[in-house]
Every structure is written in structure tokens, then in C-alpha cells.
Amino acid sequence: MTATEAARRALESAPYWARSLLSFRNRLAPLVGLNATADTRHSDLLASLPLMHSDNRQMVFGYDDRHLLFRLVVDVGEGPADGQIVGVTTLVRRRSLMGWLYLAAAIPFHKVIIPSLLTAVERPCYTASRRR
């Protein structure tokens, strides 16, 4: 599996509740001075995240905001025997008090959302049209 396939499986098949939380976040963010969406003029998108770097083993998505810098990294590496290890990591650099407050509120959700995204990666019969 390439990083592109792993990222597509994870991000394009997010559960309904996770997509609903993101939609809520996008409506709330401008009210507190955060960007609801990223500047996408010079990037490819996957699940509304701009692509910053891509190769067979790693994809990096993200955007910069006046309050924080956000990155989502999908890594694919060799695992035991004939398997692979897929990891998803979120990295955030806080640039202001609002960034600190936002991240404090977002961390509990990320701790639930990221594992749910990884379950889609391990499904053998993945199709993006089977979202629920």
C-alpha cells in the first residue's frame, strides 16, 4: 500500500460523526478568528486538506493560520513479515493564545477521530462510495 492509498482510505471514509464535527468546527472557527478552510490555490486537496508533500511512503497535509500551523502526516512503512505499518500523526504549532485554546478544545476529538480513520485503512474492500 502506498501513502496515497492509505491517506485516501483514511480521509475519504471518515465516519459521519467525524465529518459532522469537522463541519461544526468549520462553522464555529471564523467566529473565534480561526480559518474555517485552508488556502487551496496552490495545492491538491484530499478531504478538504491541502497536500504539502507526497511520496510512496509519506503524505503531508496542512495549512498555516495566524493562530496555528497544522499538519496531518500519513506514513506507511514495512511491518512484520508481509505486513505494513500505517500511522497518522497530527502536528500543531500554536502561535497565539487563541491557538492554545483551540488546541486544548480539539485534542480530545483528535484522540477519537484519528483511530477511527485508521480502521478504514485496514479494511480490505475499501471504496470511497461506501461512506456512512
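Predicted model: local features only at pLDDT ≥ 70, side-chain atom pairs only at ≥ 80, totals over all residues.
Now step back to the whole chain. Three helices and five strands make up its elements, and from the N terminus on they run α-α-β-β-β-β-β-α. Of the 132 residues in the protein chain, 33% are buried. Consider, too, the contacts between residues at least 6 apart in sequence: 53% of them join residues at least 24 apart. The accessible surface comes to about 8200 Å², and carbon and sulfur atoms account for 58% of that.

Next, follow helix α3, which covers residues 97-122. How far apart are its end C-alpha atoms? They are 38 Å apart, which agrees with the 38 Å that 26 residues should span at 1.5 Å a residue. Along the way, α3 bends by about 40° at A106, and the proline P108 follows within four residues.

A106 is also one of the buried residues of α3, a list that includes L103, I113, L117 and V121. What covers these buried residues?

Finally, look for aromatic rings: the structure holds one aromatic pair. Y63 and F70 form this tilted pair, with 5.5 Å centre to centre and 40° between the planes. Both Y63 and F70 are buried.

Definitions and conventions:
Residues numbered from 1 in each chain as written. Heavy atoms only, no water. Helix = DSSP H or I, 4+ residues; strand = E, 2+ residues; numbered from the N terminus. Expected span 1.5 Å × (residues − 1). Bend = angle between axes of the 7 residues up to and from the residue. Buried < 20%, exposed > 50% of the residue type's maximum accessible area, 1.4 Å probe, protein only. Contact = heavy atoms within 4.5 Å. Areas by Shrake-Rupley, 256 points an atom, 1.4 Å probe, with all protein chains shown as cover. Phe/Tyr/Trp six-rings, centres within 6.5 Å; stacked < 30°, edge-to-face > 60°.
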